[in-house]
Amino acid sequence: MRSRARPRYLDAFVAAIVVFLLAPIVVVLPSAFSSDVALSFPPQGFSTRWFENLLSRGEFLSAARLSVTVAILATAISLIVGLLAAYALFRFDFWGRSALEALFMTPLVFPAIALALSLAMVMSTAGLLRDFWGLLIAHVLITMPYAIRTIGASLREISIAIEDAALTLGARPAQLFWYVMLPLLRPGIAAGAIFSFIISMDEFTVSLFLTGPGLTTLPIEIFNYAEFNSDPTIASISVILILISCIAVATIERLMGLRRVLS
Amino acid sequence: MRTVRSKLLIALLLAPAVLISMVMIAAIATTLGISFLRQFPGDLQVTLANYIAFLSQPFLLKAAYQTMALGLVVTAICVVLGYPVAWFLVKRDTRFRNAVFLIVLAPLLVSIVVRTVGWIIILGNEGLVNALLISLGVIDSSLQLMRSFWTVVVGLVHVLLPFMILSIASVLSKIDDDVIEAAMLLGARPATAFLKITLPMSMQGVAAGSIIVFALTIGTYLTPIWLGRGNVNVLAISIHEQALISVEWSAAATSAVLLTIMALVFMAIFLASIRRMTRR
């Protein structure tokens, strides 16, 4: 009797958590189409004026352009670097292996504000503060753990026997890489690419310290806009970002399963 | 010959990633160094003055206290809310399981800026909760739901709960069901089996999740500034002010070092207590 009642409480609890997790994301959608001048709920009327406002403001477009540029470059670099590192980490056993893995994952767990300040300081001594290249290096550092993880996750599922077979049949290491490993790793690499891209696009704290006038990423531009305006423009840009996230989630789910990437 | 070659190969494969990580190590070392300089750039005398100054400013001490309180409260709530969800994801056999997993994980790919905007719409003076309560006749005028410690807690729990759930679920999924069954066959009631076997065995996941959630909470700048609106002054806000507004790099570095030490101390305490528990 008791054991039958318990799952019902559990299910109700989980349902409540699901609502909690989705609420702030869902609630943005109607607000973006409000005709009210304030960010309120329930939204008043229907209009697309805030989307028009968004597009008429050059600063959002140039911030979006910078964000996409940095995200694409950081993703490309992270994937190449991450692929090499993941291969070493998950195909060989060597002294210091787990210490290195922990080192590569550190940006994920290091308090963001301290990392942001530290990167700003080292970039300033190198003359790269508020500089495109300084920002790019920081974004590579932040996206690399995700690339290593996703590629590592799919690498672990490829039997080492396949590699041995290819080598026994006379494949040279370069051929093994191009004709065997790369095709097998393609879903992992694609998932890692999407993940890195989104993480870079959304990165806030580190970018706050490394950007400046003339070099502003989209999240920072939204933050700056919201400092002085409280209209639904930030809801409309949020809708666009949510759509991009949804596409990303759906694609990763189809490629290799979000769950496998993250756990 | 073979081992020498494979050692060289490993080194070459790892070199680029190590190089990038070196930027982080150099960054942390620079911060540590600057925190001991009287005023960077300018007066480069090595001194403890910045740490003494930190400890003698009530404003900063209060920020440190708020930061710690926020970290502990958010972590505790994430454990309490996250554990049952992780349990559901691992043990409960329903067709909704995959959907719930996706909903738990998907927010990780939505920008923190977007999610905080969502909380402003829900908790603001003209927000969803106030509109709902007024239309139900519970209250006459808007409640002040923003600008408080608990608003910031809500926003942070929302951002960090997925990390806790993932962490606990990954450990729960490794616990062999046969062990629980054996305990029940030997006469343990379900509650006893849970308290004596599952809970201790899953503590590793709780610990790992707590360490991550605590470190990420105390390092978050956006949520306290946007949802606290000046009423929740944590160290992240102080660091931002010291570095970018009053441009006192040495003072900012000192605060950042102390913030990081806070995360490390929390981690050490948690790891030590876990070791003690598993020994027993």
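Which residues does A:M144 touch, not counting residues up to four places away in sequence? I looked this up first. A:M144 touches A:S78, A:V81, A:G82 and A:F104, and also B:A17 and B:I20; I counted a contact where C-beta atoms, placed from the backbone, lie within 7 Å.

**Entry: ground rules.** I am working from a predicted model, in which local features need pLDDT of at least 70 and side-chain atom pairs count only at pLDDT 80 or more, while totals for chains, interfaces and linings use all residues. Residues are numbered from 1 along each chain as its sequence is written, and chains are lettered from A and ligands numbered from 1 in the order in which they are written.

**Entry: A:M144.** I placed A:M144 in helix α7 (residues 132–156) of chain A. Helices (H or I, at least four residues) and strands (E, at least two) are DSSP runs, numbered from the N terminus. A:M144 is buried, because 28 other C-beta atoms lie within 10 Å. The cut-offs are 20 or more such atoms within 10 Å for buried, 12 or fewer for exposed, and partly exposed in between, with C-beta atoms placed from the backbone. I also checked A:M144 against A:A250: they are 106 residues apart in sequence and 22 Å apart in space, C-alpha to C-alpha.

**Entry: chain A overall.** I found 13 helices and zero strands in chain A. Its C-alpha trace spans about 70 × 70 × 35 Å along the principal axes. Of the 263 residues in chain A, 47% are buried. Taking contacts in chain A between residues at least 6 apart in sequence, I noted that 76% join residues at least 24 apart.

**Entry: α4(A) against α9(A).** The axes of these two helices come within 8 Å and cross at roughly 140 degrees. Axes are lines fitted to C-alpha atoms, for helices over the stretch in contact, and angles run from 0 to 180 degrees between N-to-C directions. α4(A) is therefore oblique to α9(A); under 35 degrees would be roughly parallel, over 145 roughly antiparallel, 65 to 115 roughly perpendicular, and the rest is oblique. The residues making this contact include A:S78 and A:G82 of α4(A) and A:G192 and A:F197 of α9(A). By class, I get nine nonpolar, seven polar and no charged. Nonpolar covers Ala, Val, Leu, Ile, Met, Phe, Trp, Tyr, Cys and Pro, charged covers Asp, Glu, Lys and Arg, and the others, Gly among them, are polar.

**Entry: α11(A).** I listed the buried residues of helix α11 (residues 218–228) of chain A as A:L218, A:P219, A:I220, A:E221, A:I222 and A:F223. Their cover includes α4 (58–91), α9 (173–202), α10 (205–210) and α12 (233–255) of chain A, together with α5 (112–123) of chain B.

**Entry: chain B at chain A.** I found 69 residues of chain B in contact with 72 residues of chain A. On the chain B side, the largest share, 16 residues, comes from helix α1 (residues 2–35) of chain B. That side divides into 53 nonpolar, 13 polar and three charged residues.

**Entry: within chain B.** Helix α3 (residues 58–91) and helix α9 (residues 190–218) of chain B pack at about 140 degrees, with their axes 9 Å apart. I also looked at β1(B) and β2(B), which form a hairpin with three residues between them. B:G42 in the turn has a positive phi of about 135 degrees. The bridge partner of B:L37 is B:V46 in β2(B).

Definitions and conventions: Contact = placed C-beta atoms within 7 Å. Pairing = 2+ DSSP bridges.
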